[in-house]
Amino acid sequence: MMTRVRSAVSSIIGGIMASGSSAQEIRPDPPLRFPYSRPDFLALSPDEVECSADHISRPILILKEMKLPWAAGYAEVINAGKSPLNEDQACCEVVELRRRPADPSSPSYTPTRRRSSLPSADLLESIDSSEVKELNFHYWALFDGHGGSGAAVFTAKFLHLHIEEQLQEVLEILQNPSLQPPTCLGEENPVHHLHPSARCSQRGLSRAASLRGAAGAPGPPNTVAPRFFMEKKIKQESLVVGAIENAFKEMDAHIARERMLYSVSGGCTALVVVYLLGKLYVANAGDSRALIIRGGQIIPMSSSFTPESERQRLQFLAHLQPSLLGNDFTHLEFPRRVTKKEVGKRMLHRDFTMNGWAYKTVQEEDLKFPLIFGEGKKVKIYNLSEYEHGADDVMILATDGLWDVLSNQEVSEAVSGFLGNCDPDDQHRYTMAAQDLVMKARGVLRDQGWRIAGDRLGSGDDISVFIIPLMHGNSQQPQPS
């Protein structure tokens, strides 16, 4: 449910909000921003979209053609009358990252370029990775709407574009795997150029002495004032995490702007998977769930919708009640203390909504001492290159309509059992497995309603499922130029 506060405290990436206005005067209803639709990759005709909203028969929709990256499978079904339309949405894209000017921080910014359409499996296999000069990322996402389908439809059309814009800012860094992200853009870290003994000496300084040096306090004669005690080394993957986190916040603001002119009903949860440079990044805001099945082992890949660490709890409290900090501290975290000469420059930071890191323009108020300077927990990232994956190793993404009635273990057994009886070379197997999983959660209609195995009550909610085979990831890892 995308509200501004809940987006702020989400455990991995944070939510996207679809805030409503509390207008006091009666005015004509604004036009719809986008009409109701089903995911683009299903390629449904208007008549088929209408037929899919049958709450009595609840037909299960699957892909007509195997055109999703990695031969991923997808299936969905509408609810049993809980809402007039299917409030779930899904998106799958392959997005190419190019160097281009962009100002995503501008209040008037609105991404307008629709990224591609998905290439066919044959085309993906024909690409020689050695010839790729730009990066691209693969993207799968599920959005579970609440109070209407508008926010879910809107987010499905735009969130990947916001992620693209955020990644563009750090594209040159990502294209150089050996480059450690600079703390401040346009400035080299002097610690990297010190003689090893000098580095050891600097690390040995007491924290109090180093802070005095950073603040400009005089030191012993003929010595160089230390810049800081310990400067965090930020990994490149943290920039990807920070880009996704910022994209969620930009999506939040984008919906708020559009609602001033158009009708964007309800709110939605978001479950996003980004594949970039051999790694899967999973972002979750809400009660959808992702898990990996590898060699029969269940690996949860999403977390609950709560603050993840004491760092985030304290930063969130400081954000809500800045008076507690007086005029001495900032709730933002930087890899090291900000100096006056860096005002106006772009510097790595994170706040209570973030586990990754992103660049922001330093302002005077950022010169205050940081409230937080420790490390929080890591975001879950799955490195595909570290494992050998077979044809039955998959990632499953599903909205809460599935998880409300089936456990992780039941889902794992159902998918593994189904795939085990399929031809490993049949690329339709993952869509058929998704269809089977949706059918198991929906159940069959009896006098007592929809029932599943054991005569338990089946799911009456919308259900959407992606099944993504992991073995395709290793053969299609994009290479930096």
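Mentor: Let us begin with the terms. Helices (H or I, at least four residues) and strands (E, at least two) are DSSP runs, numbered from the N terminus, and two strands pair if DSSP finds at least two bridges between them. An open sheet here has six strands in the order β1-β2-β19-β15-β8-β9, with antiparallel pairing. Its edge strands are β1 and β9 (297-300), each of which pairs on one side only.

Trainee: What kind of model is this, and how are residues numbered?

Mentor: This is a predicted model, in which local features need pLDDT of at least 70 and side-chain atom pairs count only at pLDDT 80 or more, while totals for chains, interfaces and linings use all residues. Residues are numbered from 1 along each chain as its sequence is written, and side-chain values use heavy atoms, with hydrogens and water left out. The chain has 13 helices and 19 strands.

Trainee: Which strands pair with β2, and over how many bridges?

Mentor: Strands of a sheet pair through backbone hydrogen bonds, either parallel or antiparallel. Strand β1 (residues 61-62) pairs with β2 in the antiparallel sense over two bridges, and Ile-62 has Ala-75 of β2 as its bridge partner. Strand β19 (residues 463-469) also pairs with β2 in the antiparallel sense, over five bridges. There, Gly-73 stands opposite Ile-467.

Trainee: Which way do the residues of β2 point?

Mentor: In a regular strand the side chains alternate between the two faces of the sheet. In β2, Gly-73, Ala-75 and Val-77 point one way, and Tyr-74 and Glu-76 the other way. Strand β2 (residues 73-77) is mostly covered, with five of its five residues buried. Buried means under 20% relative accessible area, exposed over 50%, and partly exposed in between (1.4 Å probe, protein chains only). Of the 481 residues of the chain, 53% count as buried.

Trainee: Where does Ser-83 lie, and which residues does Ser-83 contact?

Mentor: Contact means heavy atoms within 4.5 Å. Ser-83 lies in the loop between β2 and β3 and is buried, with a relative accessible area of 9%. Leaving aside neighbours within four places in sequence, Ser-83 is in contact with His-55 and Asp-462. The C-alpha atoms of Ser-83 and Asp-462 are separated by 9.0 Å, although these residues are 379 residues apart along the chain.

Trainee: Which helices lie across the six-stranded sheet?

Mentor: Axes are lines fitted to C-alpha atoms, for helices over the stretch in contact, and angles run from 0 to 180 degrees between N-to-C directions. Helix α11 (residues 408-420) lies across β8 (289-294), β9, β15 (394-398) and β19, running at about 50° to β8. Helix α12 lies across β1, β2, β15 and β19, running at about 25° to β2.

Trainee: How is a pair of packed helices described?

Mentor: Two packed helices are described by the angle between their axes and the distance between the axes. Helices α4 and α8 pack at an angle of about 135°, with their axes 8 Å apart. That makes α4 oblique to α8, since angles under 35 degrees count as roughly parallel, over 145 as roughly antiparallel, 65 to 115 as roughly perpendicular and the rest as oblique. Among the residues that meet are Phe-154, Phe-158 and Ile-163 in α4, and Val-240, Ile-244 and Met-251 in α8.

Trainee: Which residues of the largest nonpolar core touch the most other members?

Mentor: In soluble globular proteins, nonpolar side chains tend to be buried together. A nonpolar core is a set of buried Ala, Val, Leu, Ile, Met, Phe, Trp, Tyr and Cys residues joined through side-chain atoms within 4.5 Å. Of the 43 residues in the largest nonpolar core, Tyr-139, Phe-143 and Ile-163 touch the most other members. Elements that give two or more residues to this core include β3 (88-97), β4 (135-146), α4 (150-168) and α8 (236-258). Apart from this core lies another, of 29 residues, among them Leu-63, Ala-90, Phe-466 and Leu-470.
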